[in-house]
Amino acid sequence: MKIVYQNIHLPNSHTLAVYRANGGYQAVLKAIELGPDEVIEEVKRSGIRGRGGAGFPAGMKWSFIPKNDPRPKYLTCNADEGEPGTCKDRDIIRYDPHRLIEGMMICGFAVGIQQAYIYIRGEFYRETERLQAAIDEAYADGILGDNALGKGFKFHLAIHRGGGAYVCGEETGLIESIEGKKGQPRLKPPFPANIGLYGCPTVINNVETLASIPSIIERGGAWYGALGVAKSSGTKIFSVSGHVNKPGNYEVELGIPLKTLLEEHAGGVRGGWNNLKGVIPGGSSSPILPAEVCATITMDYDAMAKAGTMLGSGAVIVIDKSVCLVRAIARLSRFYRHESCGQCTPCREGTGWLAQIMTRMEAGQGTMEDIDLLQDICNNIGGKTICALGDAAAGPVMGALRSFKEEFIYHVEHGRCMAG
Amino acid sequence: MNERSPLSTGVVPRFSDEALKQIDAIFKRYPADRRQSAVMPILHLAQREFGGWLSRESLDYVAGIVGMPPIRVYEVATFYTMYNLRPVGKYHVQACTNISCWLCGSDQVMDALKKKLKIAAGHTTEDKRFTLIEVECLGACVNAPMMQINDDYYENLTADKVVEIIDRLP
């Protein structure tokens, strides 16, 4: 079942002509007929949850925007796509940018938004060109503008390029960045739905979430809600990377067994299923699952939470038995140290300590006390910072300590890795 | 002074007329009273116009255009790693070594780049043609390992392939 990726394999799928020829910009017309309240109801009925990582119900988010508020309202699309392992939004932007634009228009119409921004990571230069070309086409065609689609509603859309800061994927860091500042996240509350961009009510949704909206409106929230499993409705794109025979972005219904995703879609684990060590299931911030859990777990929000990890952005990083897990986690710890914005002490200092200890552990110079210290540092970061970057830094370390502690101990005792 | 502190060259830059037109268009994307929002796009533009990096004079010049105190522009420029605060080579070779790329052989890619360019990561070749750096995840993980050279991604790399890519650059 393909929804977001339904057109990406068509020739010239990024053009307005191809999007139109395949039913494009019909959903927004339907939305206008339904009216704002009914559109929000349909999105609520679909049960779609935010595809960027947090998994918050999108319809609910839209309904939090205050009505009859004199301030302008804004929509910002999060196309920062920075969570290591994640590259699904890039293909939406490259191959079906009009689907994203239409999804944003539907949101704008439903919530009463006249100005929207797409915050795209700065490194996606070619993708930005593609997206800008689509926006230009939409303006030239009268789809966007003061009288969008000739239907009397005003909707403007512009791109804001990031500058290479992972923390700007956090919604309030993203807002700060659009305002022309360092991307340091804001304390919540107030939430962006009330005080967001320029102090005004703001909706922030991920690319994949917004690109799912046209189909939800076209075919109905109930139809979408029936896909997937309870509390995890619809389809999700999983970026499967690492040790599989066919890495790729796969759109499947939520609730698919992880083993099915790897074996039937991603070509199987390199060297066979028995060669699997573990899977980081939802981007680098999500705690790793050991192979025995991977054999039975399903890819949905609840199952992941129950296993002590998360669905996150849907980046499935597959790790086979040749890998030194201490080294892998050390690499991630250095990433979080680099990306901590420095605002909150537990994260700024904690990510530094984690990276330092993991690096010496990797070099065979760690001690048994270091293993406890890692756990202690994680406990002192988690939940004690303004944004989730701190928790994200602790996630991989805690996951590895939970499932692969023997590898840490081996490193301490032998000064080298089990995997050789 | 560390390597991300603004560096003075003594040369005050000027945007071309074409760039000034682009700047007008950039300001129009944001509400009229929110000119500061334009600072990031204008810094990106300045970096392209002024030889691939931003000197202290470039930052001051952008501050004047946007109407921000220079220190606020330094804050932005030093926070975002894509703003180069030191000169870079004609080709800015950025190899990802984060988890997905590492699992798929980014060590070999990095080694091949170092050997080919005869420099360590973080350095520029003597002829100023190449700067090589190690970067964090660039979001092309299913085609790992990958690197970016200037505006372009190069994916599904091998040690042999990177040598070919470097050789083919004009």
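I take a residue as buried when its relative accessible area is under 20%. The model I am reading is predicted.

**Entry 1. Asp89 and helix H5 of chain A**

I looked up Asp89(A) and found it in helix H5 of chain A. Its relative accessibility is 2%, so I count Asp89(A) as buried. I then listed its contacts, setting aside neighbours within four places in sequence: Asp89(A) meets Asn78(A), Glu81(A), Asn206(A), Val207(A) and Glu208(A). I also checked a pair separated along the chain. Asp89(A) and Ile120(A) stand 31 residues apart in sequence, and their C-alpha atoms are 9.9 Å apart in space.

I next asked how many of the 8 residues of H5(A) are buried. The count is 7 for this helix, which spans residues 88-95, and H5(A) is therefore largely enclosed by the rest of the structure. The buried residues are Lys88(A), Asp89(A), Arg90(A), Asp91(A), Ile92(A), Ile93(A) and Arg94(A).

**Entry 2. Arg99 and helix H6 of chain A**

I moved on to Arg99(A), which is placed in helix H6 of chain A. With a relative accessibility of 4%, Arg99(A) counts as buried. Residues up to four places away in sequence being left out, I recorded that Arg99(A) touches Ile3(A), Val4(A), Gln6(A), Asn7(A) and Tyr19(A), and also Leu210(A), Ala211(A), Pro214(A) and Ser215(A).

I took H6(A) and helix H9 (residues 207-219) of chain A to begin with. Their axes come within 7 Å of each other and cross at roughly 75 degrees. Since angles of 65 to 115 degrees count as roughly perpendicular, I describe H6(A) and H9(A) as roughly perpendicular to each other. On the H6(A) side the contact involves Arg99(A), Leu100(A), Glu102(A), Gly103(A), Met104(A), Ile106(A) and Cys107(A). On the H9(A) side I find Val207(A), Leu210(A), Ala211(A), Ile213(A), Pro214(A), Ser215(A) and Ile217(A). Sorted by class, the contact of H6(A) with H9(A) has 10 nonpolar, 2 polar and 2 charged residues.

I then turned to H6(A), residues 97-111, and H7(A), residues 125-140. These helices pack at an angle of about 60 degrees, with their axes 9 Å apart. H6(A) and H7(A) are therefore oblique to each other, and their crossing is right-handed. From H6(A) the contact takes Pro97(A), His98(A), Leu100(A) and Ile101(A). From H7(A) it takes Leu131(A), Ala134(A), Ile135(A), Glu137(A) and Ala138(A). I sorted the residues of this contact of H6(A) with H7(A) into 7 nonpolar, 1 polar and 1 charged.

**Entry 3. Backbone features in the loops**

I looked for cis peptide bonds. The bond from Pro189(A) to Pro190(A) is cis, with omega near 0 degrees. Pro190(A) is in the loop between helix H8 (171-178) and strand E5 (202-206) of chain A. In chain B the bond from Ala144(B) to Pro145(B) is cis, with omega near -5 degrees. Pro145(B) belongs to the loop between strand E3 (130-135) and strand E4 (147-149) of that chain.

Tyr25(A) has a positive phi of about 65 degrees. I located Tyr25(A) in the loop between helix H1 (16-21) and helix H2 (27-34) of chain A. Its relative accessibility is 2%, so Tyr25(A) counts as buried. Tyr198(A) has a positive phi of about 55 degrees. Tyr198(A) lies in the loop between H8 and E5 of chain A, and it is buried, with a relative accessible area of 7%.

I asked which three residues supply 16% of the area that chain A buries against chain B. They are Glu123(A), Tyr198(A) and Arg331(A), which give more than any other three residues. The area buried between chain A and chain B is about 3900 Å², and carbon and sulfur atoms give 56% of it. The contact takes 60 residues from chain A and 41 residues from chain B.

**Entry 4. Chain B as a whole**

From the N terminus on, I read its elements as α-α-α-α-β-α-α-β-β-β-β-α. The C-alpha trace of chain B spans about 50 × 35 × 30 Å along its principal axes. Of the 170 residues in chain B, 53% are buried. Among its contacts between residues at least 6 apart in sequence, 62% join residues at least 24 apart.

Conventions
Residues numbered from 1 in each chain as written. Chains lettered and ligands numbered in written order. Predicted model: local features only at pLDDT ≥ 70, side-chain atom pairs only at ≥ 80, totals over all residues. Heavy atoms only, no water. Axes fitted to C-alpha atoms, helices over the stretch in contact; angles between N-to-C directions. Helix = DSSP H or I, 4+ residues; strand = E, 2+ residues; numbered from the N terminus. Parallel < 35°, antiparallel > 145°, perpendicular 65-115°, else oblique. Left-handed = near helix turned anticlockwise from the far one by under 90°. Contact = heavy atoms within 4.5 Å. Nonpolar A, V, L, I, M, F, W, Y, C, P; charged D, E, K, R; others polar. Buried < 20%, exposed > 50% of the residue type's maximum accessible area, 1.4 Å probe, protein only. Buried area = accessible area lost by both parts, 1.4 Å probe.
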